[in-house]
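This report covers a single chain, from overall fold to selected residues. Look over the sequence and model below before reading on.

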Amino acid sequence: MAKTVRRQVLPLYLAMITSAVVATGLIAGSAAVLLTGAARTAGLVSAAALLIAVSWWATLRVVSRISRPLSQMQAGAQRYAAGELDYRFSVSEPEEVRTIAEALNSMAVQLKARIAAMDRQRGELEAILSSMVEGVLVLDPANRLRMANHAALSLAQCPPDQAVGRSLVDVFRSTELATVADDASISVEPIERTITLYHDEPHIIQVHGSTLHSTADPR
């Protein structure tokens with residue numbers, strides 16, 4: 001970002017200053033030639049060159065003052081993207097950039113708190129599901145498993161690390177169960193069915209199905 005600022009803003013700014021000073025010097029030099037001769041012209045040219053040098057130096061200072069904190073913010077944003085939410089920006093000036101840095105620091109604090117709350121809630125949910133004797137499945141619109149507790153996977157005789165992401169039919173090998181899932185996805189009311197799962201021996205189970213509604217994920 002900082003290099004982009006230098007490449008785009010600095011050349012344009014310097015060109016404008018140089019053009020203005022040179023034009024002024026040429027006009028003044030021409031007038032000086034007519035009035036006082038070559039010696040005065042040389043003095044004006046020297047003054048114009050000095051003014052250009054000072055203008056360039058001032059411009060470099062201004063651009064550096066802006067680009068340095070922008071570089072720090074770019075590096076900090078990359079650290080946030082990598083999950084380093086404990087990092088904090090320390091920018092004192094300019095005022096506009098300092099305000100943005102403070103806002104990003106506040107955002108990192110809030111984001112870390114929300115992630116911690118989500119991790120805590122997820123842990124509580126996993127503990128509850130693991131302790132249930134009823135099998136619980138959460139499916140996506142394509143009937144792939146997004147979540148399954150131990151009781152459900154024991155019916156499927158499928159290891160937990162091989163279940164999530166696979167289709168319901170592939171895991172449970174039951175078209176009856178897949179039909180219940182399809183019917184539940186289009187029903188406005190919860191449904192209840194009795195089906196038979198066939199593995200080593202038949203298992204007659206009662207299935208309850210309903211859709212999950214979430215504003216965060218309409219699926």
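## Model and fold

Helices (H or I, at least four residues) and strands (E, at least two) are DSSP runs, numbered from the N terminus. From the N terminus on, the order is α-α-α-β-β-α-α-α-β-β. That gives six helices and four strands in the chain.

The model is predicted: local features need pLDDT of at least 70, side-chain atom pairs count only at pLDDT 80 or more, and totals for chains, interfaces and linings use all residues. Residues are numbered from 1 along each chain as its sequence is written, and side-chain values use heavy atoms, leaving out hydrogens and water.

## Burial and contacts

The chain has 219 residues, and 26% of them are buried. Buried means under 20% relative accessible area, exposed over 50%, partly exposed in between (1.4 Å probe, protein chains only).

Contact means heavy atoms within 4.5 Å. Among contacts with a separation of 6 or more, 36% join residues 24 or more positions apart.

## The largest nonpolar core

A nonpolar core is a set of buried Ala, Val, Leu, Ile, Met, Phe, Trp, Tyr and Cys residues joined through side-chain atoms within 4.5 Å. The largest has 18 residues; L168, F172, L177, I195 and V207 touch the most other members. At least two residues come from each of α4 (150–156), α5 (168–172), α6 (175–186), β3 (191–198) and β4 (202–209). The largest share, four residues, belongs to α6.

Beyond four places in sequence, I195 contacts S174, E176, L177, V180, H203, I204, I205 and V207.

## The second core and Y80

A second, separate core has eight residues, including M73, Y80, F89 and A101. Y80 sits in helix α2 (residues 38–81). Its relative accessible area is 12%, so Y80 is buried.

Y80 and L104 are 24 residues apart in sequence, with C-alpha atoms 9.6 Å apart.

## A buried asparagine

N149 lies in the loop between β2 (145–148) and α4. N149 is buried because its relative accessible area is 4%. Its contacts beyond four places in sequence are L129, M132, E134, G135 and V136.

The N149 side chain reaches the backbone nitrogen of V136 at 2.9 Å. A polar atom of that N149 side chain also lies 3.0 Å from the backbone nitrogen of A152.

Terms used. A polar contact is a pair of N or O atoms within 3.5 Å; within protein, one must be able to donate a hydrogen and the other to accept it, and residues adjacent in sequence count only if both atoms are side-chain atoms.
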